[in-house]
Amino acid sequence: MTSFGYFMLASVVTGAALLYLRATDSKRARVFGQTVAKPTKTLRHTIGIGVWIPGIVLLGLRQYSAFLSWCGALLVFGWAIAAMAPAGAVETTTLSDADGKEK
């Protein structure tokens, strides 16, 4: 398998894990006024560790270029997930100045 193949496989695994964590995050759901099924803490921790496993595997296989590309993809996935509101989300926050007046 080429470095690109390793990178793509690692990115898909990491992306799927991050999307699962996003979908089951109770704090994120509360902010956006949604309800979410609460998985066990052990499952969330296991999936959270699973986000990093592909990077460790890439280093173990000495696929350094794939590892660096995977690090970049991880950064982009994280920012994209943080920037996107869930579908059907209710906005619960407003911007206000120091006097409490809405802008």
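Me: Where is the place of Ala23?

Reply: Ala23 belongs to helix 1, a helix being a DSSP run of H or I with at least four residues and a strand a run of E with at least two, each numbered from the N terminus. Please keep in mind that this is a predicted model, in which local features need pLDDT of at least 70 and side-chain atom pairs count only at pLDDT 80 or more, while totals for chains, interfaces and linings use all residues. Residues are numbered from 1 along each chain as its sequence is written, and side-chain values use heavy atoms, with hydrogens and water left out.

Me: Ok, and how accessible is Ala23?

Reply: Ala23 has a relative accessibility of 48%, so it counts as partly exposed; buried means under 20% relative accessible area, exposed means over 50%, and partly exposed lies in between, using a 1.4 Å probe and protein chains only. Its C-alpha atom is separated by 9.8 Å from that of Lys38, a residue 15 residues apart from Ala23 along the chain.

Me: What about Ser11, is it buried or exposed?

Reply: Ser11, which is also in helix 1, counts as buried because its relative accessibility is 5%. Once its neighbours within four places in sequence are set aside, Ser11 is in contact with Trp70, Ala73 and Phe77, where contact means heavy atoms within 4.5 Å.

Me: Stepping back, how many helices and strands are in the chain?

Reply: The protein chain has four helices and zero strands, giving the pattern α-α-α-α when it is read along the sequence. Buried residues make up 24% of its 103 residues.

Me: How do helix 1 and helix 4 pack?

Reply: They pack at an angle of about 25°, with their axes 9 Å apart; the axes are lines fitted to C-alpha atoms, for helices over the stretch in contact, and angles run from 0 to 180 degrees between N-to-C directions. That makes helix 1 roughly parallel to helix 4, since angles under 35 degrees count as roughly parallel, over 145 as roughly antiparallel, 65 to 115 as roughly perpendicular and the rest as oblique.

Me: And which residues of helix 1 meet helix 4?

Reply: Helix 1 brings residues including Ser3, Phe7, Ser11 and Arg22, and these meet a set in helix 4 that includes Ser65, Trp70, Ala73 and Phe77. By class, this contact has eleven nonpolar, six polar and one charged residues, with Ala, Val, Leu, Ile, Met, Phe, Trp, Tyr, Cys and Pro counted as nonpolar, Asp, Glu, Lys and Arg as charged, and the others, Gly among them, as polar.

Me: How does helix 1 pack with helix 3?

Reply: Helix 1 (residues 3-23) and helix 3 (residues 41-60) pack at about 165°, with their axes 9 Å apart, which means that helix 1 is roughly antiparallel to helix 3. Among the residues making this contact are Tyr6, Val13 and Leu21 of helix 1 and Leu43, Arg44 and Pro54 of helix 3, and its classes come to twelve nonpolar, two polar and one charged.

Me: Changing topic, how many aromatic pairs are there?

Reply: There are three aromatic pairs, where rings of Phe, Tyr and Trp (its six-membered ring) pair if their centres lie within 6.5 Å, and planes under 30 degrees apart count as stacked, over 60 as edge-to-face and the rest as tilted. Trp52 and Trp70 form an edge-to-face pair, 6.2 Å centre to centre with 80° between the planes. Trp52 lies in helix 3 and Trp70 in helix 4 (residues 64-83), so the pair ties together parts that are 18 residues apart in sequence.

Me: Which residues form the aromatic cluster?

Reply: Trp52, Phe67 and Trp70 form one aromatic cluster, and Trp70 is buried, with a relative accessible area of 2%.
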